[in-house]
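I'm opening my notebook on this one and jotting things down as I look them up. Here is what I had on screen.

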Amino acid sequence: MAEDNSKTNLPPLSLHVPEPKYRPGDTVDYSDVTIPRAGDQPRPDVNSAPAAMREMVYDMVRVLDDDYKAVGPWDPKLSDDTLLKMLKTMAQVRAFDDRLHRMQRQGKTSFYMKCTGEEATSVAAAMALDSDDMCFPSYRQQGILFVRGYPMVEMINQIFSNREDKLKGRQLPIMYCSRRLGFFSISGNLATQYPQAVGWAMASAAKGDTRIAATWCGEGSTAEGDFHSAMTFATVYNAPIIMNVVNNQWAISSFSGFAGGERTTFAARAAGYGIAGLRVDGNDPLAVYAATQWAAERARTNNGPTLIEHFTYRADAHSTSDDPSAYRSAQEREEWPLGDPITRLKRHLIHRGVWSKEQHEALDKECIEAVKVATKEAEKNGILGHGLHQPFETMFQDVFEEMPWHLKEQSEQANKEREIKWPDAEASK
Amino acid sequence: MTTMNMIEAINSGLDNMMARDDDVVIMGEDVGYFGGVFRATAGLQEKHGKTRCFDTPISECGIIGVAVGMAAYGMRPVPEIQFADYIYPGLDQLVSEAARLRYRSAAEFTSAITVRSPFGGGIFGGQTHSQSPESMFTHVCGLKTVIPSTPYDAKGLLISAIEDNDPVMFFEPKRIYNGPFTGYYDKPVEPWSKFEASEVPEDYYKIPIGKANIVREGEAVTVLAYGTMVHVANAVVEEHGIDAEVIDLRTLVPLDIDTIEESVKKTGRCLIIHEATRTSGFGAELSALVQERCFYHLEAPIERVTGFDTPYPHSLEWAYFPGPVRIGEALDKIVGELTS
């Protein structure tokens, strides 16, 4: 190496590796997290230029104040019935999650993922869309299916991969799909749905349709290249789409700093693309509804895409294969400054005088009972690992529209093996 | 009938399908106003409008991902990837999404896209304008792979691909866009107009996917090739006066196994030729299938003539390219000393 003394006086460079503030056992103190006062945020016109609403991406749209009143220009002024439906749907989602999580523990299925604490980001958002708008969800928006009336039994059939599973046992539990309800097939590959949703929205626009698309990903997935390509295509073609980033602070064990959240917000990504960006209190169902409604109107009137960051907290484990006590303080969940979306809406409705503690207790019981009934119904169709639920040919169908010779040969092989491996198995039909 | 080179035939196929089906849309880098860097989409935007044929950002994962979403809506996108060498950023969308959408949704959603991409070498394209990545796609269940070798086939196969409800990888051998290349790099290439296969109907017609074409009948050896190598193989066997049966596979997946099997059982010998690198190339699959199905008919080991297992070089192109000398040596091994 050549001798060079010119840099001997410079400090050595250092690599910054982000570190979350709290690890297991640490005392959590959220006092440095800026939570703006509810109602303080301006509500721009839906045709506002993205550049004119840049402050929105660092602010936080909030409607429910500390006294559980709905305040400010973002109050969507929903009817009692709509709010009650929202509350009931979120409660049902939570009861569903709790029970299906337990069923995984009981060995009735291989896998489950809860959305505890994030129910508003799918339920309130889906309620603000038209029922024929197309959703491209990630794996933590089961609330959309509840809003759109997908039967719980069908969901559980899929989770159990049983003989009534519409996806024929091909997909990992919770990777639902319903074309009828505008719920796109969930993929295990993160963020792939983002450019697909933009493509769907572009097709709708190219065809002169009136439907719009909405997509969701976690803040961790925004680091994928597909996020960037989707944002680029969305702005280039002014696609009628709502792009939701559910910032629940954690991507499995990685805190949001590893997705680039230490120095900016995820909503701020929008500004660089010339896309309207909103940052929303994701545990405030009214704020989520209002922001979605704003973005939907913007898209529907050909004013283009919106990126919405839902600031929330993943209250539970990443999945049934995860133990968050190994990487984060258990106190985080308790101390989370934005509280719990169901509790907040419940108190708002009590404050409005249309709901009571007793009614809510009864609702919770009702929800638990409804899931029990559904699981019992689904169990009649079998659970994972108990019986050969699908005819073996189904493994080879739908790879292509028509089965080519090589798959026919392999299908015959599988059926031959069946006779040897499971000679006494009952017919799978 | 009109005389067309391969570019014009592809353009005509796209034009036919756009006129026939409002759901067919073309998208890719430079495909719109400019008409494509190889002119394959020339005039289509002007004729069919900007929402039917449009330029895209330089983002292969975006192009394929957006096409999958448009297909989920119900359209029939025909995305172009400017060079097959640049398809890799779109690989996740192709492998994890386009190929599996029908399967994982139990056919509720499908991905009827046709990915057009110029591929292959012989043009001094160096490392990133010469690759033949077909085996990266033939290995993916749920994708079909089609490679034409003449203008007539290119149009007929492209129309079939666009109408197919499965995702199709449509690789266009850019070496033979203007005329068939015989592997003799020091001889001038004759234009397609001098060959019968350049007679292309202006209207709609189809060539079925999954059907090979016996371009030359023979008894001594079966030669399996596709794309540019069909012409190279043909020239070499003609030159040496070998009674070879040359089969243009046209579709790699689903493969026309019956035609292959019948031919090898007749000839007892098999030579496989492709430009792509050797290890785990599509030739390995062909060789295994022939060995499994024609073992008792084989009179000599199956031979493979392929590109070497190196990145595609620039200056040593003709040392790399699996041309007449390498093919001649392989034929020597299989059918004995060549006469000329």
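Predicted model: local features only at pLDDT ≥ 70, side-chain atom pairs only at ≥ 80, totals over all residues.

How many residues does the contact take from chain B, and how many from chain A? I looked it up: chain B gives 45 residues and chain A gives 46, where contact means heavy atoms within 4.5 Å.

Residues are numbered from 1 along each chain as its sequence is written, chains are lettered from A and ligands numbered from 1 in the order in which they are written, and side-chain values use heavy atoms, with hydrogens and water left out.

Chains B and A bury about 3700 Å² between them, and 62% of that is on carbon and sulfur atoms. B:Y73, B:Y103 and B:R104 supply 22% of the area that chain B buries here, more than any other three residues.

Then I looked for salt bridges (a side-chain nitrogen of Lys or Arg within 4 Å of a carboxyl oxygen of Asp or Glu). I found two between the chains. One of them joins the side chains of B:D23 and A:K207, at 2.6 Å from N to O.

Which helix of chain B gives the most to the side that touches chain A? It's helix 3, with ten residues. Helices here are DSSP runs of H or I with at least four residues, strands are runs of E with at least two, and both are numbered from the N terminus. I sorted that side of chain B by type as well: 23 nonpolar, eleven polar and eleven charged. For this, Ala, Val, Leu, Ile, Met, Phe, Trp, Tyr, Cys and Pro count as nonpolar, Asp, Glu, Lys and Arg as charged, and the others, Gly among them, as polar.

**Entry: helix 1 of chain A**

Helix 1 covers residues 80–105, 26 residues in total. I got 38 Å from its first C-alpha to its last, close to the expected 38 Å (1.5 Å times one less than the number of residues). A:G107 follows helix 1, with a positive phi near 80°.

The peptide bond from B:V253 to B:P254 is cis, with omega near -5°. I placed B:P254 in the loop between strand 12 (251–253) and helix 9 (257–267) of chain B. A:S161 isn't a glycine, yet its phi is positive, near 50°. I found A:S161 in the loop between helix 4 (152–160) and helix 5 (193–206) of chain A.

Note on methods: Buried area = accessible area lost by both parts, 1.4 Å probe.
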